[in-house]
Amino acid sequence: MGLMCGRLDMNDVSRLLQDSSWIDEVLNRSQAPSRYNSPPGTFRPILRMVDDRLTLDDAFCSYHAAWAVGKVPLCSNTRLEKITNKYWGPLLKRGRAIVPANGWYEWTGEKPNKQPYHIHRKDGELLYIAALGNFAEARPEDHKAATGFTLVTADAVGGVVDVHGRRPVVFTAADAALWMDPATPPEMAEQLARTSSLGPEWFDWYKVSKAVGPSSNEGQELTH
């Protein structure tokens, strides 16, 4: 089992604006619609610090440095073990963000009979997923991924490994704020991701309809 799919349930991201940890603090600039079946390659809401203000923006879900075309593949997620290397290290220093989501999807089995699962917090709270991105103001229309983001993933130790070998690094709201804080040194941010990511005991999952497979499909029925 390799990288996680990167397919997210983002049907109620607006809930973070009512979260007591963020309320009265978030500048909402997002125009992305809610989606139950959100794939890489689309513009999705992300939390990040902009001029010392917590901001909800839209960014392209997948990252590919402009200089790396033909050298490094397009990435919708990246391994925690690699975020300090030459490619990801600069983003760890200046491009830390959080992707708020209601859950994510994974598939098990072999084609064409793969079974999708919906994975979410047991308590129903939003997921605050660690992300890295290049959020330059100038967004090149011919290479959207140059200013996109990637989800940070870790080994799925324990229960979630029954579904997939990787899982997103998910924080509590307090740790998410620390991850995004520009004053947090990159070394501390990496350590936070290694030690404070929510463990498998925080999550639950169930089988869902195979209709979630095509990313063009949409609707609440996909989560059941």
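Student: Which residues are linked in a network of salt bridges?
Tutor: R29, R48 and D57 are linked in that network. Keep in mind that this is a predicted model.

Student: How far apart are the N and O atoms in the salt bridge of D57 and R48?
Tutor: The distance is 3.0 Å, N to O, between the two side chains.

Student: Are D57 and R48 buried or exposed?
Tutor: D57 is buried, because its relative accessible area is 9% and the limit for buried is under 20%. R48 has 12% relative accessibility, so R48 counts as buried.

Student: How many salt bridges are there in the whole structure?
Tutor: A search of the whole structure gives eight. As a rule, side chains of opposite charge can pair when their charged atoms come close.

Student: What does E81 form a salt bridge with?
Tutor: With R166; their closest N and O atoms are 3.1 Å apart. That pair links distant parts of the chain, 85 residues apart. E81 is in the loop between β6 (77–79) and α1, and R166 is in strand β12 (residues 166–168).

Student: How accessible are E81 and R166?
Tutor: E81 has a relative accessible area of 39%, so E81 is partly exposed. R166 is at 2% relative accessibility and therefore counts as buried.

Student: And what about E190, which residue does E190 form a salt bridge with?
Tutor: R194, with the closest N and O atoms 2.9 Å apart. Both sit in helix α3 (residues 186–195), and because they are four residues apart there, about one helical turn separates them. E190 is buried at a relative accessible area of 17%, whereas R194, at 43% relative accessibility, counts as partly exposed.

Student: Changing topic. What is the volume of the largest pocket?
Tutor: The largest pocket has a volume of about 240 Å³. Its lining consists of 15 residues, and M49, R94, G95, R96 and P182 are the ones nearest its centre.

Student: Which elements supply at least two residues of the lining?
Tutor: β4 (43–50) and α1 (89–94) each do. By type, the lining of the largest pocket divides into six nonpolar, three polar and six charged residues.

Student: Now N102. Where does N102 lie?
Tutor: N102 is in the loop between β7 (96–101) and β8 (103–108). At 11% relative accessibility, N102 counts as buried.

Student: Which backbone nitrogens lie 3.0 Å from a polar atom of the side chain of N102?
Tutor: The backbone nitrogen of N11 is at that distance, 3.0 Å, and the backbone nitrogen of D12 also lies 3.0 Å from a polar atom of that side chain. Leaving out residues up to four places away in sequence, N102 touches a list of residues including D9, M10, V13, R15, H118 and L126.

Student: Last one, T223. Where is the place of T223, and is T223 buried or exposed?
Tutor: T223 is in the segment after β14 (203–207). T223 is buried, with a relative accessible area of 6%.

Student: What does T223 touch?
Tutor: Not counting residues up to four places away in sequence, T223 touches D9, Y36, Y105, H118, Y206 and V208. D9 and H118 are also among the residues that N102 touches.

Student: What does the side chain of T223 reach at 2.7 Å?
Tutor: The side chain of T223 reaches the backbone oxygen of Q220 at that distance.

Terms used:
Residues numbered from 1 in each chain as written. Predicted model: local features only at pLDDT ≥ 70, side-chain atom pairs only at ≥ 80, totals over all residues. Heavy atoms only, no water. Buried < 20%, exposed > 50% of the residue type's maximum accessible area, 1.4 Å probe, protein only. Polar contact = N/O pair within 3.5 Å; in protein donor to acceptor, adjacent residues only side chain to side chain. Contact = heavy atoms within 4.5 Å. 1 Å grid on protein atoms, 1.4 Å probe; cavity = no way out; pocket = protein on both sides within 12 Å on 5 of 7 lines; lining within 4 Å. Points joined across faces, edges and corners; volume = space filled by probe spheres on them. Nonpolar A, V, L, I, M, F, W, Y, C, P; charged D, E, K, R; others polar. Salt bridge = Lys/Arg side-chain N within 4 Å of Asp/Glu carboxyl O.
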